[in-house]
Amino acid sequence: MKRILAGLALASSAVLMTAVPAQATSADPVKALRKQFVAGHGVRVSETARSLLSGKPNGVTSTTGVYGFGKAGIVASDMRTRVMGGESDKLPTPPRVINVGDRAYAQGGLSSEELPDGKRWVRYAMAGDPRSGGQPLDIFKPEVLKALVTQAKSTKGGTYRGSLPFGTLGKIYGEKVDKRLSEISIGYVLDLNAKGLVTRVRSEYSLDFGMLGKSTSTVDTRYTGWGSKVTIKAPAADEVIDVEDLDGLGADAEVLQEIPDTSLNSLGGIR
């Protein structure tokens with residue numbers, strides 16, 4: 001992912017989307033979430049990410065897939081991403097990524113160009129977060145979910161509305177956030193069902209890059225099938241090549257050297 005120069009200024013936006021009425025709930029969402037962390041089970045995910053640059057549409061992507069749970073949270077994922085009305089080879093991330101254990105397997109786009117015969121997947125060391133997707137609010141971290149509920153500025157039924165600064169999220173994630181980003185707020189709308197489980201989370205934040213324009217990102221993520229049986233496996237070994245092994249294949253093997261991470265600084269375009 002290309003980095004934005006350090007001197008760019010940042011500004012925030014608190015615009016939120018209109019919420020669909022959710023069911024009232026008295027269940028503790030954090031307890032409800034923890035009960036879902038059972039090996040062999042998971043949840044289905046459907047996500048739409050939109051961006052505006054100086055008020056004009058700058059891209060829409062759709063991501064669908066499934067997360068697999070372990071005792072402490074997500075341990076595996078199988079996600080597909082496509083450009084709405086465009087070509088998936090223009091994505092900053094591969095069109096399909098499977099995360100299993102400490103490895104990520106990418107297929108399609110720049111991760112499949114000019115691979116050796118019989119190889120369909122490129123294997124990477126996983127960049128820490130097995131979720132894969134653009135949602136900056138990781139509701140699978142109990143601390144994040146608790147903050148979204150307790151710090152909401154308004155609550156109606158099972159819908160919670162509020163905002164959190166990147167800096168606050170960074171402390172929860174244990175991630176050091178650049179000071180230029182730390183005061184930027186992410187507005188959110190969180191929907192819970194009667195069991196206290198998240199059915200939808202929408203986030204929005206804006207960054208002002210001065211002469212380059214103002215960028216606004218909106219991510220709408222839905223969760224269905226909580227507790228479904230899930231099996232996520234690594235691709236067949238004979239179809240996989242490690243990214244390091246491509247170095248000696250010459251210029252024809254122009255694959256991604258790493259899968260872009262989902263750190264908060266990356267979302268702000270800062271390194």
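Start by selecting Arg131 and Asp138. Their side chains meet in a salt bridge, at 3.6 Å from N to O. A salt bridge here is a side-chain nitrogen of Lys or Arg within 4 Å of a carboxyl oxygen of Asp or Glu. Arg131 is buried, with a relative accessible area of 7%. Asp138 is buried too, with a relative accessible area of 7%. Buried means under 20% relative accessible area, exposed means over 50%, and partly exposed lies in between (1.4 Å probe, protein chains only).

A word on the model before moving on. It is predicted: local features need pLDDT of at least 70, side-chain atom pairs count only at pLDDT 80 or more, and totals for chains, interfaces and linings use all residues. Residues are numbered from 1 along each chain as its sequence is written, and side-chain values use heavy atoms, with hydrogens and water left out.

Searching the whole structure gives 8 salt bridges. Select Arg202 and Asp191 next. Their closest N and O atoms are 2.8 Å apart. Arg202 sits in strand β10 (residues 198-208) and Asp191 in strand β9 (residues 185-192), so this pair links distant parts of the chain, 11 residues apart. Helices (H or I, at least four residues) and strands (E, at least two) are DSSP runs, numbered from the N terminus. Arg202 and Asp191 are both buried.

Now go to Arg123 and Asp242. Here the salt bridge has an N to O distance of 2.6 Å. Arg123 belongs to strand β6 (residues 121-125) and Asp242 to strand β12 (residues 240-242), so the pair ties together parts 119 residues apart in sequence. Are these two buried or partly exposed? Arg123 is partly exposed, at 24% relative accessibility. Asp242 is partly exposed as well, with a relative accessible area of 21%.

**The sheet**

Show the strands. There are 12 in an open sheet with mixed pairing, ordered β7-β8-β9-β10-β11-β1-β2-β3-β4-β5-β6-β12. Two strands pair if DSSP finds at least two bridges between them. At the edges stand β7 (154-156) and β12, each with a single partner strand, so one side of each has no neighbour in the sheet. From one strand to the next, the twist averages 20°.

Zoom in on strands β2 (residues 56-70) and β3 (residues 73-83). They run antiparallel and are joined by 10 bridges. Pick Gly65: its bridge partner in β3 is Met79.

**Helices on the sheet**

Select α2 (residues 142-150). This helix packs on the sheet and touches β8, β9 and β10, with its direction at about 90° to that of β9. Contact means heavy atoms within 4.5 Å; axes are lines fitted to C-alpha atoms, for helices over the stretch in contact, and angles run from 0 to 180 degrees between N-to-C directions. Helix α3 also packs on the sheet, touching β8, β9 and β10, and its direction makes about 90° with that of β8.

Which residues of α2 are buried? They are Pro142, Val144, Leu145, Ala147, Leu148 and Val149. Their cover includes α1 (29-35), β8 (159-165), α3 (166-173), β9 and β10.

**The cores**

A nonpolar core is a set of buried Ala, Val, Leu, Ile, Met, Phe, Trp, Tyr and Cys residues joined through side-chain atoms within 4.5 Å. The largest has 39 residues; Ile139, Phe140, Leu190, Tyr223 and Trp226 touch the most other members. Helix α2 gives the most to this core, with 5 residues.

Center on Ile139. Leaving out residues up to four places away in sequence, Ile139 touches Leu33, Leu145, Leu148, Leu190, Val198, Val201, Tyr223 and Trp226.

End at the second, separate core. This one has 10 residues, including Ala106, Leu115, Tyr124 and Ile241.
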